[in-house]
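Subject: Structure handover

Hi,

Here is the structure I promised to pass on.

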Amino acid sequence: MTMNRYQKPSSQTQEDALKIAKSIQRPAQTKEQTKLIAQGIQQGIDLYKKQQKEKARELNKKLKKIAHQKPQSTAADDQEIETHIVYRQHWLPWTLLLLTWLGMGIYVLTLKG
């Protein structure tokens, strides 16, 4: 369970929200309406910051998990490198080469004959 503690928004966030609210203010809009809009923008900024912090925490957890798994996986990688690799060539190029040589041989024999 997480405890939801309300943190007072920073003054920078409040200033940014007010600046944005004033920039989108309509001509017939009252100051109270502008303040309400600024509060909504401020809440949006706070929510965005929370989401970014959560994403950063999750990323750090994943990176730590991967860092702990690295030493174990390197031993497995070494074993995989030692495996014997068999390369198989396709039959088509060899067949075409053989047919070309046969064709050239037949051509040369028909010219002499």
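How far apart are the end C-alpha atoms of helix H1 (residues 11-23), and what should its 13 residues span? The end C-alpha atoms are 18 Å apart, which agrees with the 18 Å that the 13 residues should span at 1.5 Å a residue; the expected span is 1.5 Å times one less than the number of residues.

Some housekeeping before the rest. This is a predicted model, where local features need pLDDT of at least 70 and side-chain atom pairs count only at pLDDT 80 or more, while totals for chains, interfaces and linings use all residues. Residues are numbered from 1 along each chain as its sequence is written, and side-chain values use heavy atoms, with hydrogens and water left out.

The chain has three helices and zero strands, in the order α-α-α from the N terminus. (Helices are DSSP runs of H or I with at least four residues, strands are runs of E with at least two, and numbering starts at the N terminus.) Of the 113 residues, 8% are buried. Here buried means under 20% relative accessible area, exposed means over 50%, and partly exposed is in between, with a 1.4 Å probe and protein chains only. The accessible surface comes to about 11300 Å², and 61% of that belongs to carbon and sulfur atoms.

Back to H1: Thr-13, Ala-17 and Ala-21 are buried there. Seen down the axis, the buried residues of H1 fall within an arc of 65°, so they line one face of the helix; the arc is taken from the directions from the helix axis to the C-beta atoms. Lys-19, Lys-22 and Ser-23 are exposed on the other side of H1.

Helix H2 (residues 31-81) holds Thr-34, which is buried at 5% relative accessible area. A polar atom of the Thr-34 side chain lies 3.0 Å from the backbone oxygen of Thr-30.

There is one salt bridge by the rule used, namely a side-chain nitrogen of Lys or Arg within 4 Å of a carboxyl oxygen of Asp or Glu. Glu-54 and Arg-57 form it, with their closest N and O atoms 2.6 Å apart. These two are three residues apart in H2, so about one helical turn separates them. Glu-54 is partly exposed at 34%, and Arg-57 is partly exposed at 45%.

Finally, Leu-98 sits in helix H3 (residues 91-112) and is exposed, with 53% relative accessibility.

Cheers

Technical notes:
Areas by Shrake-Rupley, 256 points an atom, 1.4 Å probe, with all protein chains shown as cover. Polar contact = N/O pair within 3.5 Å; in protein donor to acceptor, adjacent residues only side chain to side chain.
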